[in-house]
Amino acid sequence: MTVAFYDFETTGLNPFHDNIIEYAFLSDDEQINSFIKRPNQLSPEVQKVTGITFEMLQGSGVHENRAKEEILDWLKKMCIKNERPIYLVAH
């Protein structure tokens, strides 16, 4: 069995209006993580809770479509590498 843990940081708690600003996936020997670029400043509350600033997103963040590709590619790679399904555990 392959287990991967994942976590997302977001601009708020509303899944219809808020956006992901950071993701991380971790398994036994592999991990990926990145910031996601956003066009708008983050609220002071989000910055306080996450420790993430707008400058961090703009400096090293990837575009949202690229983030989706990276996550899907990593999950596929983990399934193929281990020749079995991957179980995801939210953090």
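**A tour from the sheet to the cores**

Begin with the sheet: four strands in the order 3-2-1-4 form an open sheet with mixed pairing (strands are DSSP runs of E of at least two residues, helices are runs of H or I of at least four, both numbered from the N terminus; two strands pair if DSSP finds at least two bridges between them). The model is predicted, so local features need pLDDT of at least 70 and side-chain atom pairs count only at pLDDT 80 or more, whereas totals for chains, interfaces and linings use all residues. Residues are numbered from 1 along each chain as its sequence is written, and side-chain values use heavy atoms, with hydrogens and water left out.

Now display strand 1 (residues 2–10) with strand 2: the two run antiparallel and are joined by six bridges. Tyr6 is found opposite Phe25 of strand 2.

Proceed to the largest nonpolar core, whose 12 residues include Ala4, Phe25, Ile32, Trp74 and Ile86. Such a core is a set of buried Ala, Val, Leu, Ile, Met, Phe, Trp, Tyr and Cys residues joined through side-chain atoms within 4.5 Å; buried means under 20% relative accessible area (1.4 Å probe, protein chains only). Helix 3 provides the largest share of this core, five residues.

Finally, centre on Trp74. Its neighbours within four places in sequence aside, Trp74 is in contact (heavy atoms within 4.5 Å) with residues including Leu26, Ser27, Glu30 and Gln31.

Key. Buried < 20%, exposed > 50% of the residue type's maximum accessible area, 1.4 Å probe, protein only.
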